[in-house]
Amino acid sequence: IILLGFFITIFAGSILLTLPIAAKSGQATSYIDALFTATTSVCVTGLVVETTMTHWSLFGQVVILLLVQIGGLGVVTITTGMFYVLGRRITLGNRMLIQESLGINTLTGLVPLVKKIILGTAIVEGAGAVLYATQFIPEFGVGYGIWAAVFNSISAFCNAGMDIVKEDSFRSYVTNPVINFTTMALIVLGGKLIKEKIPVKRIVQQLKFQTKIVLSISTFLILFGTVLIFLFEYHNPATMGNLSLPGKVMASLFQAVTTRTAGFETVAQGALTDASSLVSMFLMIIGGSPAGTAGGVKTVTFAILIFCVISAAKQEESISLFKRRVPGNLLSKALAIIVINLMVLMTSVLLLLVFDHGNFMESCYECVSALGTVGLTKGLTPNLTIAGKVIIIITMYLGRVGPISMAIGFSQKNRKKQVMYPEQDLIL
């Protein structure tokens, strides 16, 4: 049902975007480009074959924004919210869908949780829009300034990475603190929709186990990415070599944050050094955190694997994080998620190289960005062939629904095997 919900939403959006009214030119957009745009919107990726600001009319931009909001919150969450507003009864089946789509371990309190998620999203996106408006209204006027602020706030919070202010994303705002810090705050908040209620009193002592992991790994990855990108791009005149020291720090921090599946850019991705590109792809593969709008294999999955290596080095029998033992079945799930993602990634890169004949680094960057639902590109997206667009569309779809479907599949309780085979050791 979840997979079909995303598919139907993408299909409906693609039909609307082919209408002549959706384009500023008044001419119908080709279906493959409309399908690509609908997919990148629902999958909150941000890769675009047509510039959002110049190609799409107000109607088209509204359709894109609705698709981004649905994709960011999730079809199940949006549907549940509509049922609640309409006074429809939330059945046990609906609650089970919410449980599986959000990764909750209990059926208790799911409807109030959905209400809090929707309300919290509205509050954060509203605050982001107000902050953006302080920059966009003086720059574009009241009407378009408010619309640009609302569009960009929703896009940033949902980690979509699409904007309607410049053709080159946020490159002209590379040293603008309002745009930079507002965008980074929305990206981080959108990528970490923490489900658990955290008490105000003694908040540090009472942070839940998963919240500790999420905050620790996210902080490490952002700092790790910022430092390396700062070092690798310090003297690169095509990116941040000509900026002041504070400007370089801000640009490096923004790049480290936006690669966590946001897709906005303040420096040209095509001009990044190979070292910075590799760091960016690493961050894109990991992505955001569970129960957020971000993609990737998730921070908790990455943390389990890292501590598994540490435990193996210490010759410990179990994985321990923050003085808590992690169940062994989670390691199997983490390994499966990473291996499946890497298999999909390698397949998409191979197909893109075969059918699109692109540059190796550009193709890798494109596929990693699509699978991680990031939206950053080295300039390959607008030049994709029809075959290349189909490959990226499928990769984006798998990146958005893959982790969900895998989590659901792994969570099914299978019958225990009636036969236990003898154990046999292996040489590794």
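Colleague: Before we start, what does contact mean here?

Modeller: Contact means heavy atoms within 4.5 Å. Bear in mind that this is a predicted model, where local features need pLDDT of at least 70, side-chain atom pairs count only at pLDDT 80 or more, and totals for chains, interfaces and linings use all residues. Residues are numbered from 1 along each chain as its sequence is written, and side-chain values use heavy atoms, with hydrogens and water left out.

Colleague: OK, which residues does His55 touch, not counting residues up to four places away in sequence?

Modeller: Ala22, Ala23, Lys24, Thr29 and Glu50, with that sequence limit applied.

Colleague: What joins the side chains of His55 and Thr29?

Modeller: A polar contact of 3.0 Å. That term is for a pair of N or O atoms within 3.5 Å; within protein, one must be able to donate a hydrogen and the other to accept it, and residues adjacent in sequence count only if both atoms are side-chain atoms.

Colleague: Switching topic, what about Gly225?

Modeller: Gly225 is buried too, with a relative accessible area of 0%. Not counting residues up to four places away in sequence, Gly225 touches Ala256, Val279 and Leu283.

Colleague: And how far apart are Gly225 and Ser252 in space?

Modeller: They are 7.8 Å apart, C-alpha to C-alpha, and 27 residues apart in sequence.

Colleague: Last one: is Ile8 buried or partly exposed?

Modeller: Partly exposed, at 48% relative accessible area.

Key
Buried means under 20% relative accessible area, exposed over 50%, partly exposed in between (1.4 Å probe, protein chains only).
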